[in-house]
Amino acid sequence: MKGIFPIEKFKTLQTPFYYYNTDLLRSTLELVKSEAGKYGYHVHYAVKANANQKILTIIRENGFGADCVSGGEIKACLEAGFPANKIVFAGVGKADWEINLGLDRDIFSFNVESAAELAVINELAEAKGKVASVALRINPEVDANTHAYITTGLKENKFGINLCQLESVLDLFATLKNVKLVGLHFHIGSQITDLSSFQSLCTRVNEIQESMYKRQMIVEHINFGGGLGIDYHNPDRQAIPDFQAYFAIFNKHAKLRPSQQVHFEPGRSIMAQCGSLISQVLYVKEGSSKRFAILDAGFTELIRPALYQAYHQIENISNDEAVEMYDVVGPVCESSDCFGKEVELNKVHRGDLIAIRSAGAYGEIMASQYNCRQLPKAYYSDTL
Ligand code: LLP
């Protein structure tokens, strides 16, 4: 065993594979429950981070709800035993069959992102003789100070109802009989490490609540979305993110109406540090100016470095020889199939096992079969 990995067991498994530390997941869930519980907050796990059935089951067993963005995610959650009344359904482009699935199952709420979508939900609910519970997803125009691809709360982003259109959408509710406004939903982006962004979100939400109050409108719940970032550079230093500081910000800055409920949708902060991608070195290739460690995993198994230039810590878990510099690449026929340039690794040999850390969120779920590659298996610390 080197570090946190059962390396002798790993040697018997076909690489690449995902390895999940289910003890860390359980401890993370415990902490989220106790910190959110201090204020009576409700947590819906953002399924988009990882929809692996075993992971979903552990999260459901801990009493969490689910935040879904597709009919497929709703089905995955129902299969894992989540009660429908703990499922919220967001997304800018909900297809009719997906809305119908949510209506048939009586999910907790549809997080609606446009006037056009609200009209369609009303129509589909009417056809079933139902009234759909709706939370309006509002684009709060708050900068999350994160990567452009995962910023969602700015005017130019496709998400949510723009502030300037809110009044007209609220007017629309008065004319629609088969939708009921139950909440307001916000999500400003992902991998947010500057917590002051969440304070700015609270300030904006307070303003919006104030303007709705003037219309004598009070919703039952406010959903602040997800977005809490993790430390990709030091995965073991604070393996469980600072949920205490995170929830405390909302408790301090959000002005709630009596009996108003508060919801959150964390994904990455729950899952990322619980998973690693384990791969094997196929070749060490000496280039003219570089040395490459060529792995049997590629961006097909973890696309974040290629897609967002994201940093993931890479470790040679097979030996402790002196450190050398490598570009760590995969076998996919694209130059972007690179996990890291000039990475310091203990001297690498063919057959060494390499761990790419913090891959529990947006790893397995974003895997593809490009180049006709097989989707890898997952293994768990409690059953290995
Ligand atoms: N709620 C909504 C409405 C969202 O759009 C998202 C993420 C979440 C919650 C969960 O956010 P989290 O707590 O995980 O930050 N593939 C990208 C991340 C995309 C996030 C999209 N929305 C990545 O690998 O960084």
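Tutor: Two packed helices are described by the angle between their axes and by the distance between those axes. In this predicted model, helix α2 (residues 22-37) packs with helix α3 (residues 53-61) at an angle of about 30 degrees, and their axes are 10 Å apart.

Student: What is the handedness of the crossing of α2 and α3?

Tutor: The crossing in which α2 passes α3 is right-handed.

Student: Which residues make the contact?

Tutor: From α2 the contact draws on T22, L25, R26 and L29, and from α3 on K54, I55, I58 and I59. By class, the residues of this contact comprise 5 nonpolar, 1 polar and 2 charged.

Student: Let us turn to the ligand. How many residues surround the ligand, and which are the closest?

Tutor: The ligand is surrounded by 19 residues, the closest being S190, E265, R304, Y308 and Y362. This shell consists of 6 nonpolar, 7 polar and 6 charged residues.

Student: Which atoms of E265 and R304 face the ligand in polar pairs, and at what distances?

Tutor: In the side chain of E265, an N or O atom is 2.6 Å from a nitrogen atom of the ligand. For R304, a polar side-chain atom lies 2.6 Å from an oxygen atom of the ligand. The backbone also takes part: a polar backbone atom of G227 is 2.9 Å from an oxygen atom of the ligand.

Student: How much of the ligand's area does the protein bury?

Tutor: The ligand taken alone exposes 590 Å², and 92% of that is buried by the protein.

Notes:
Residues numbered from 1 in each chain as written. Predicted model: local features only at pLDDT ≥ 70, side-chain atom pairs only at ≥ 80, totals over all residues. Heavy atoms only, no water. Axes fitted to C-alpha atoms, helices over the stretch in contact; angles between N-to-C directions. Helix = DSSP H or I, 4+ residues; strand = E, 2+ residues; numbered from the N terminus. Left-handed = near helix turned anticlockwise from the far one by under 90°. Contact = heavy atoms within 4.5 Å. Nonpolar A, V, L, I, M, F, W, Y, C, P; charged D, E, K, R; others polar. Near = heavy atom within 4 Å. Polar contact = N/O pair within 3.5 Å; in protein donor to acceptor, adjacent residues only side chain to side chain. Areas by Shrake-Rupley, 256 points an atom, 1.4 Å probe, with all protein chains shown as cover.
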